Amino acid sequence: MSAASTTPIIERGTATSRIAAIAVAVIIALLAIAPQFLSAGVVDRMTTLFIYVILAAMWNALAGFGGLVSVGQQVFFGLGAYFAIRLADAGLNPFVALFASAIIVGLVSWPLSLVMLRLKNGEFAIGMWVIAALTHLLVNLDRLVQGETGTSLISLNVYDAGTRRVTIYWLALASMTALLAILFGLLRGSTGAAIRAIRDNEDAAASVGVRVTGTKRLLFVLAAFGIGVAGALWLATSITFQPKTYFNVQWTAYMIFMVLVGGIGTFEGAILGAVVFFLIETWFGGTGVWYLVGLGAAAVLFSLFLPRGLWGTIEERFGLRLLPVGYRVRLAEDAADPAGNGVHPEMTTTNRETA
Amino acid sequence: MSNQIIQGVLLGGYYALIACGLSFMFSVMRIINLAHGSLAVLSAYALWWLASRFHIPPFAGLLIVLPLMAAIGWALQRFLLERSARGGALLPILTTFGLAIVIDNMLFEQFGADTRSLAPFIGSLSYDSWEWPGSIYVGKLAVIIFLIAVALLGGLQLFLSRTGLGRAIRATSEDPDTSGLVGVDARRANAVAAAIAMVTVGLAGAFLGMRATFDPYAGAPQLLFAFEAAVIGGAGSLWGTLIGGIVLALAQTLGAQVHPQGFLIGGHAAFLIVLFVRLSMSGFSLRGLLHRPSRSAS
């Protein structure tokens, strides 16, 4: 036992994180039965929140973990909606079409990644924007879409409004939970170690045998698929499809805001950011332009003064881990202190480099 | 057909003008400024405001706006880019993107959604043309823009190769630490480079306003044009940017011939084709605008 006092203990979770895991399960269960008690308007807003969480988590997966900042992610949002329109027009059940569409988006993103992932940093960011602009123009050429006039997911109208609302709510909740679970599983597994190694230092990761490009491609396709789901769900909630709305760079602006404010590169941060954004939108969305100015200014200020975001800062300050995806190293002396006061956050692998 | 080619080449001059600031900043500071297009539109609005409110013709207005743009560039580098660049290569993308959103929406707040143009304030220049042999009419304004683009690129090239400040900027872009050792003030060199880049952006914004219309959200397409022209032109020299701009404009002209909505599609497609070819041939980077790629340390 004396040897143990000098050997650091490596652990995955903390008491807090085990409580958090139970809390997450309870929250999801409560959300699942919530439509019974909530008004129609609140159900719609909650659906919107779930879509925001998906968008934030997916953009964070790409930028925070893969080191790939894209300002063209609206391309997958728009395509998710567009393919759903196309598939529903071909006679597929509209609800099935939503997910079939996202799978097609994922498939399309694969060949795209072969070219785009060879671009670096800013080139990748704006290259994706060009892809989004071009895709928008091409979708406009489709006669079914009628240019900027747009079209609707008419086949959804066979369901009455109540059924439709609750079904979309559940689909959004299930999609959000599933996508977060996939991301969480990915980050905790061996791929997660590779992802963090790339995030911290790409060249060093490659030198110790991490498959840099393959790992980035996985994140790129996952993000495309997830954002495709979000776009299809957005179509289901709003019914109408106008290319200008869906291929708008504003979607990426929202994603960037959510992730920057929440905490880039932290799993919980993206979720927190989505909730913050949702609340700001609920309270200030009516102020129009000033609201958008505020979002942009907040993105600038956070990137300059609080680049780790709210959650990153909380994590650093208090050593709090609710949903740990990394490992933490703790000196064994602390093991004799079951009160749990001796938490040393500085040794955990989830810490970001500051350079 | 030759008429369209000439118009395309002249339009390429405008693209070179808006692209040169973007690639200049990128090659010196390794930052792609996503607010580039929005700043050009800001300059156009400033000139429009001076012209409509104080009856200052746009060409005279440039005497006020260009120094302001230089000051904006200097401040941008000192207060935003310098700080965010310390946080890694990704943060400046986010910072400048946030800045673009702020500028776009402030312009919307101030000037509304109406499209504006500087054409009414430059008299007959906006529609005057010369007749060239073969009954080809070329707009005087288009020729002036092209000539100014060429002069600007040449001037920039001379400045970088012949002046002490230009050499300091080139040294900083090559290796900021080593150039610091031999007495180059990297912070000053970067701030001066940003100021110069913003002057070119201001000029590009002025011509955007004279040759076409603009609205508060016109910055994004201008950014994409600038980026595409810079990438098509590729590494090498500032003259590559001119070639990139001309190729982009010709592809757009060709696209418009094929399909009524093909103007933008043609440009984007040309960009992707060039990108794809360049990537499959080997390593690609915007780097090396100021010096030969073989000498760049990477």
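**Figure 1. Contacts of A:Gly262 in the predicted model.** Setting aside neighbours within four places in sequence, A:Gly262 is in contact with A:Ala56, A:Gly269, A:Ala270, A:Ile271, A:Leu272, A:Gly273, A:Val276, A:Gly309, A:Leu310 and A:Trp311. The structure shown here is a predicted model. A:Trp311 is one of the contacts. A:Ala56 is another.

**Figure 2. A:Gly262 and its helix.** A:Gly262 lies in helix H11 of chain A. This helix covers residues 250–262. Is A:Gly262 buried or exposed? A:Gly262 has 27 C-beta neighbours inside 10 Å, so it counts as buried. The cut-off for a buried residue is 20 or more.

**Figure 3. A:Gly262 and A:Leu38.** These two residues are 224 residues apart along chain A. How far apart are their C-alpha atoms? The separation is 27 Å.

**Figure 4. The elements of chain B.** Chain B has 11 helices and two strands. Read from the N terminus, the order is α-α-α-α-β-β-α-α-α-α-α-α-α. The radius of gyration of chain B is 19 Å, close to the 19 Å that the globule rule gives for 298 residues, so chain B is as compact as a globular protein of that length. Along its principal axes, the C-alpha trace of chain B spans about 60 × 50 × 35 Å.

**Figure 5. Burial and contacts in chain B.** How many of the 298 residues of chain B count as buried? The share is 52%. Now take the contacts in chain B with a separation of 6 or more. Of these, 72% join residues 24 or more positions apart.

Definitions and conventions:
Residues are numbered from 1 along each chain as its sequence is written. Chains are lettered from A and ligands numbered from 1 in the order in which they are written. This is a predicted model: local features need pLDDT of at least 70, side-chain atom pairs count only at pLDDT 80 or more; totals for chains, interfaces and linings use all residues. Helices (H or I, at least four residues) and strands (E, at least two) are DSSP runs, numbered from the N terminus. The radius of gyration is taken over C-alpha atoms; the globule rule is 2.2 Å times the number of residues to the power 0.38. A residue is buried if 20 or more other C-beta atoms lie within 10 Å of its own, exposed if 12 or fewer, and partly exposed in between; C-beta atoms are placed from the backbone. Two residues are in contact if their C-beta atoms, placed from the backbone, lie within 7 Å.
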